[in-house]
Protein chains: 4
Amino acid sequence: MPRVRVPVPMRWSDLDAYGHVNNAAMLTLLEEARIATFWSDGGSAAGTKVLTAGPTATSFTLVARQEIEYLAPLDYSQEPVAVDLWIGRIGGASLEVCYELRSPAGTLCAKAATSIVMVEAASGRPRRLTEDERTALESLLEDPIEFRRR
Amino acid sequence: MPRVRVPVPMRWSDLDAYGHVNNAAMLTLLEEARIATFWSDGGSAAGTKVLTAGPTATSFTLVARQEIEYLAPLDYSQEPVAVDLWIGRIGGASLEVCYELRSPAGTLCAKAATSIVMVEAASGRPRRLTEDERTALESLLEDPIEFRRR
Amino acid sequence: MPRVRVPVPMRWSDLDAYGHVNNAAMLTLLEEARIATFWSDGGSAAGTKVLTAGPTATSFTLVARQEIEYLAPLDYSQEPVAVDLWIGRIGGASLEVCYELRSPAGTLCAKAATSIVMVEAASGRPRRLTEDERTALESLLEDPIEFRRR
Amino acid sequence: MPRVRVPVPMRWSDLDAYGHVNNAAMLTLLEEARIATFWSDGGSAAGTKVLTAGPTATSFTLVARQEIEYLAPLDYSQEPVAVDLWIGRIGGASLEVCYELRSPAGTLCAKAATSIVMVEAASGRPRRLTEDERTALESLLEDPIEFRRR
């Protein structure tokens with residue numbers, strides 16, 4: 001299975017007064033896993049870190065759609081959560097990132113998918129994935145996530 | 001159309017470095033619209049504010065699933081966004097909240113749905129909606145949202 | 001006393017697992033009170049809303065220093081907190097904003113001060129307050145806050 | 001100098017539309033450094049991790065006061081910031097945590113201090129530091145931070 005596992009630290013302030021990680025904060029944890037996997041950080045692109053991003057990039061990644069199933073509450077821990085991440089679909093100018101998020105103890109807490117569109121910063125319009133981007137993304141291609149409750 | 005329109009203030013810190021409201025912060029705006037509509041705040045329940053909630057309640061609302069489509073970037077404004085909110089489905093122990101979020105200028109920025117399960121605080125198990133809850137929720141019942149990109 | 005009182009809504013996600021508004025979130029509430037008071041929102045400046053701001057402004061306000069005393073825990077409420085806000089000091093290129101934050105029930109929960117520097121966006125350097133800015137700020141000038149625990 | 005250096009990851013959503021880490025988010029980074037240093041995480045206490053904490057603990061740490069000087073804007077990076085952390089003062093029931101926060105490139109971006117009070121969960125009242133807590137904290141005792149702009 002061509003997935004990567006990304007450790008993502010929780011923060012104390014991710015919890016709300018129910019004592020669990022808040023539903024919106026869960027998407028922030030996934031965002032950090034996505035950035036760690038795909039964004040090239042200034043230097044040369046390497047492995048899957050092929051998506052140019054950040055405020056000064058010539059193109060950026062737009063989140064077009066998200067779907068998330070919360071399967072178990074996530075308690076605070078100083079240990080990071082484990083996000084298994086893969087690509088569920090590659091389109092002309094878009095891709096779908098799939099995730100399973102597990103607590104430090106190994107409980108599956110959430111399944112999610114994010115649709116990303118590549119956008120040219122100057123025009124604000126979608127642009128096609130380059131061959132290099134496509135090749136890198138294909139190295140993580142797997143079946144898309146199946147949601148139970150749709 | 002039995003919808004309510006809830007004004008929700010943005011915050012400057014909801015924006016990320018792209019200059020738009022961050023994708024996860026958008027769910028926080030929807031959470032505030034949901035709470036304003038359904039949570040009884042200490043005093044007696046009234047209208048649609050029938051869901052007991054908060055850390056001291058005997059039952060609470062668990063977010064089981066969310067789906068959101070981002071249709072236009074949301075810029076900062078000191079004016080609140082307008083969230084149109086309705087109920088798309090009522091189950092035995094659960095409900096689906098549907099939303100359309102518009103910028104202060106009236107642009108449709110996001111469509112979303114949240115599946116909520118009623119949970120008994122003591123046992124942590126789902127509990128059936130009461131008749132009062134059901135009656136109040138039915139006053140906002142409408143067709144569920146249709147997502148484009150599924 | 002030349003103060004303004006600004007209502008600022010809490011959010012459910014401002015709370016952490018202790019069931020109170022998190023210490024850092026408290027500064028976000030103050031930021032919203034500050035913006036509501038001083039930032040001109042696109043249109044013409046009026047009253048105290050004289051500080052140009054936002055990502056497209058030709059100058060912006062930089063937070064140089066903050067001090068905050070937490071006097072009582074702030075519980076969640078759907079009612080907004082009340083932030084009393086005034087100017088404690090006006091310098092050549094800087095100002096000090098002072099605050100008292102009260103719970104919806106009227107409990108004094110925090111006293112705080114923020115030092116702001118006016119910065120020219122193009123150069124990134126401090127710039128002097130204009131006469132218009134100075135006049136508007138002076139309308140809220142009062143003694144600076146006295147902190148107990150220094 | 002008895003300091004510890006704690007790496008703390010930034011998050012993309014810590015930035016605001018100015019493209020820098022938001023002033024309140026900076027305190028969240030410091031909170032994470034403080035927790036990593038002092039909170040015992042379930043298991044046995046070790047080294048400086050002597051402060052019981054979290055929602056189920058019999059006592060907890062209350063933030064009573066914070067002071068922070070922002071010395072340089074903090075840009076986004078996938079590399080963590082470095083927080084140098086020490087104890088500036090130990091009282092009967094309280095302590096002062098001091099910090100210097102540096103960007104991944106080594107720029108000093110903030111100096112800060114947090115006053116913490118030990119509180120008994122049952123009564124909500126301050127309690128004296130234990131001998132074990134005191135001994136551990138003394139291992140990090142150094143001169144308190146000197147702020148420039150007071």
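Start by selecting chains A and B: 25 residues of chain A are in contact with 25 residues of chain B (contact means heavy atoms within 4.5 Å). This is a predicted model, where local features need pLDDT of at least 70, side-chain atom pairs count only at pLDDT 80 or more, and totals for chains, interfaces and linings use all residues. Residues are numbered from 1 along each chain as its sequence is written, chains are lettered from A in the order in which they are written, and side-chain values use heavy atoms, with hydrogens and water left out.

About 2,200 Å² is buried between chain A and chain B, 55% of it from carbon and sulfur atoms; that is accessible area (1.4 Å probe) lost on putting the two together, summed over both.

Now pick A:Glu67 and B:Arg65, whose side chains meet in a salt bridge at 2.5 Å, N to O (a Lys or Arg side-chain nitrogen within 4 Å of an Asp or Glu carboxyl oxygen). The count between these chains is two salt bridges.

Next, colour helix H1 (23–38) and strand E2 (59–70) of chain A, the elements that each give two or more residues to the side touching chain B. E2(A) gives the most, with 10 residues.

Hop over to chain C and select helix H2 (residues 131–138). C:Glu133, C:Arg134, C:Ala136 and C:Leu137 are buried here (under 20% relative accessible area; exposed is over 50%). Looking down the axis of H2(C), the buried residues fall within an arc of 165°, so they line one face. Finally, show what the buried residues of H2(C) pack against: helix H1 (23–38) and strands E3 (81–90), E4 (94–102) and E5 (108–120) of chain C.

Methods
Buried < 20%, exposed > 50% of the residue type's maximum accessible area, 1.4 Å probe, protein only. Helix = DSSP H or I, 4+ residues; strand = E, 2+ residues; numbered from the N terminus. Arc of directions from axis to C-beta.
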